[in-house]
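Visitor: I would like to learn how to read a model of this kind, feature by feature. Could you take me through one?

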Amino acid sequence: MDIKFDKIKMIDDSDDLSEGEFRFGFFVNDDIAPNNVTLQYPPVSGEVGIASGETEEPLNRNAHVWPYDANSVSLKVNAVENDDDPGPADEDYENFGSFYLDPDLGTGSSEQWEWLQGQKRLTFIGLTQEPSQRRGF
Ligand SMILES: [Ca+2]
Ligand SMILES: [Ca+2]
Ligand SMILES: [Ca+2]
């Protein structure tokens, strides 16, 4: 089975006066690295700026799981936004750490971060080869 996380459509970047600054983690059956490569975006480090209404693509965050004999797959995404308020008296929160890679992240906010988790389970009919499908979640 081939899974391609290929775009992010930003509905609300969570920053009133600017674009949001993000890191994303993608999961296949709650596995952040189904092929031993962490499915994160940006792929290595840093953050990506995306504004409300923008679409970020191509992400090229892909997984190949073979053999695959279950009749469903769980896809999940974490989004963490740097909610640091730049100012002379503020600490600068540049380090996203690794909590955006937590499959149980959930949704919430703190003074430094805002985070959101989305999940969808796709079910297949039978085990024959299915045509590729594009689903949003
Ligand atoms: Ca924000
Ligand atoms: Ca904004
Ligand atoms: Ca921000």
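**Reading the model**

Guide: Leaving aside neighbours within four places in sequence, Glu 47 is in contact with Glu 21, Phe 22, Arg 23, Asn 82 and Phe 96, where two residues are in contact if their C-beta atoms, placed from the backbone, lie within 7 Å. This is a predicted model, in which local features need pLDDT of at least 70 and side-chain atom pairs count only at pLDDT 80 or more, while totals for chains, interfaces and linings use all residues. Residues are numbered from 1 along each chain as its sequence is written, and chains are lettered from A and ligands numbered from 1 in the order in which they are written.

Visitor: Why does Glu 47 count as partly exposed?

Guide: A residue is buried if 20 or more other C-beta atoms lie within 10 Å of its own, exposed if 12 or fewer, and partly exposed in between, with C-beta atoms placed from the backbone. Glu 47 counts as partly exposed because it has 16 C-beta neighbours inside 10 Å. Ile 32, in the loop between strand S3 (20-28) and S4, is also partly exposed because it has 19 such neighbours inside 10 Å.

Visitor: Which residues does Ile 32 touch, not counting those up to four places away in sequence?

Guide: Ile 32 touches Gly 25, Phe 27, Thr 38, Leu 39, Leu 101 and Pro 103. Of these, Leu 101 is 69 residues from Ile 32 along the chain, with a C-alpha separation of 6.8 Å. For the protein as a whole, 72% of the contacts between residues at least 6 apart in sequence join residues at least 24 apart.

Visitor: How many helices and strands does the protein have?

Guide: There are zero helices and 10 strands, and buried residues make up 20% of the 137 residues in the protein.

Visitor: How should I read the pairing of strand S3, and which strands does it involve?

Guide: Two strands pair if DSSP finds at least two bridges between them. S3 runs antiparallel to S8, to which seven bridges join it, and also pairs in the antiparallel sense with S5 over three bridges and with S4 over two.

Visitor: How many of the nine residues of S3 are buried?

Guide: Nine of its nine residues are buried. Gly 20, Phe 22, Phe 24, Phe 26 and Val 28 point one way from S3, whereas Glu 21, Arg 23, Gly 25 and Phe 27 point the other way.

Visitor: Which residues have the most contacts inside the largest nonpolar core?

Guide: In soluble globular proteins, nonpolar side chains tend to be buried together. A nonpolar core is a set of buried Ala, Val, Leu, Ile, Met, Phe, Trp, Tyr and Cys residues joined through C-beta atoms within 7 Å. The largest one here has 16 residues, and those with the most contacts inside it are Phe 22, Phe 24, Phe 26, Val 77, Ala 79 and Val 80. The elements that give two or more residues to this core are S3 and S8, and S3 gives the most, with five residues. Ala 79 touches Phe 22, Phe 24, Trp 115 and Leu 116, not counting residues up to four places away in sequence.

Visitor: What should I look for in the backbone angles?

Guide: Most residues other than glycine have a negative phi, and most peptide bonds are trans. Ser 14 has a positive phi of about 75°, and a cis peptide bond joins Glu 57 and Pro 58, with omega about -10°.

Technical notes. Helices (H or I, at least four residues) and strands (E, at least two) are DSSP runs, numbered from the N terminus.
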